[in-house]
Amino acid sequence: MFSLSACSKNNSTKTAPEAPQKEKGSPLVIGVLPDVDSIPLIIAEAKGYFDEQGVEVRLEHFKSAMERDSALQSGKIDGAVSDILAAAFANDGGFKVKITSLTNGTYKLLAGKGKNIDAVEKMKGKGIAISKNTIIEYATDKILEKYGVDPNEVNKVVVPQIPTRLEMLQNGKVDAATLPDPLASVAVKNGAKVIESTDRLGINPGVLLFSQEAIEQKGDEIKAFYKAYNKAVEFLNQNEKSSYIDIIIEKAGFPEDVKDIISLPEYTKAKLPSKEDFDGVMDWLVKKGLVKKAYSFDELVDGRFLE
């Protein structure tokens, strides 16, 4: 079995097992991670926006990209808050998925408390906790390269589960870590320092994707899902964080201490990722030898469900 996120990428695997056929009328099941990209989905669920659109959506929460992607491969979920890398890995392994929209998220390179690191250049020779061959490693490499640091000059410590990565950073087990918000905000509250972030550099490889099977069998449900998603974005942009933060903490399982410190992105209604971000990911994957070919934008992106 291969993982769509190459946290445990196995290039010798040529095909994926067939996913079980879902019964007609079954809910649209979407995998989410403990990050801010997933918040519009959580709001749409909590506020009843999915119900308003006549679509049954069930959110499945995962702690790592590897767990999420295994669930997608096995047919337990229809789609996921994911990234361009995972879409490429899936198709490269014979499991067809399509990117259907961009998500809004930030990934931050943080130095641990008391580590005396205040610049990206000082990361040379330091241990950085990441998840291997994922959006986290991609973001880390892009940040390092922006400041002239060769990614091979740091010690990458592979820690797939996001909460465990946070814990290791806070306990001084690693010099630095790359984390998504809101757990990055928790790290800062507890003494970590933000060295650089993807939003500052204009990098955004986060996406929503669905399996080809779901696209073929649940097209109407996906369209309705996006109407509810856009309504949730409107809600987030029009209301104070204090009016919904308790919902997010409860539903997403975020730590209680993010309540006053969580940093949220400016959410946008569903749209396609930029070709620049897409091509940047493909270049990185090909250079690292992680995929057999560079996919074109049109091969992996399907915009039919967006208004």
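Predicted model: local features only at pLDDT ≥ 70, side-chain atom pairs only at ≥ 80, totals over all residues.
Visitor: Let's start with helices H1 and H10. Which residues do they span?
Guide: H1 covers residues 39-46. H10 covers residues 219-238. Their axes come within 8 Å.

Visitor: At what angle do the axes cross?
Guide: At roughly 100°. Angles of 65 to 115 degrees count as roughly perpendicular. H1 and H10 are therefore roughly perpendicular to each other.

Visitor: Which residues of H1 meet H10?
Guide: Ile-39, Pro-40, Leu-41, Ile-43 and Ala-44. On the H10 side they meet Phe-225, Ala-228, Tyr-229, Ala-232, Val-233, Phe-235 and Leu-236.

Visitor: And by class, how many are nonpolar, polar or charged?
Guide: The contact of H1 with H10 has twelve nonpolar residues. It has no polar and no charged ones.

Visitor: New topic, strand S5. How many of its residues are buried?
Guide: Five of five. S5 runs over residues 107-111 and is mostly covered.

Visitor: Which residues sit on which side?
Guide: Tyr-107, Leu-109 and Ala-111 are on one side of S5. Lys-108 and Leu-110 are on the other. Both faces are covered.

Visitor: What about S8, how does S5 pair with that strand?
Guide: In the antiparallel sense, over five bridges. S8 is residues 176-180. One of the partners there is Pro-180, bridged to Tyr-107.

Visitor: And how many bridges join S5 to S9?
Guide: Four, and these strands run antiparallel. S9 is residues 193-197.

Visitor: Which residue in S9 is the partner of Leu-109?
Guide: Glu-196 is the bridge partner of Leu-109.

Note on methods
Residues numbered from 1 in each chain as written. Heavy atoms only, no water. Axes fitted to C-alpha atoms, helices over the stretch in contact; angles between N-to-C directions. Helix = DSSP H or I, 4+ residues; strand = E, 2+ residues; numbered from the N terminus. Parallel < 35°, antiparallel > 145°, perpendicular 65-115°, else oblique. Contact = heavy atoms within 4.5 Å. Nonpolar A, V, L, I, M, F, W, Y, C, P; charged D, E, K, R; others polar. Buried < 20%, exposed > 50% of the residue type's maximum accessible area, 1.4 Å probe, protein only. Pairing = 2+ DSSP bridges.
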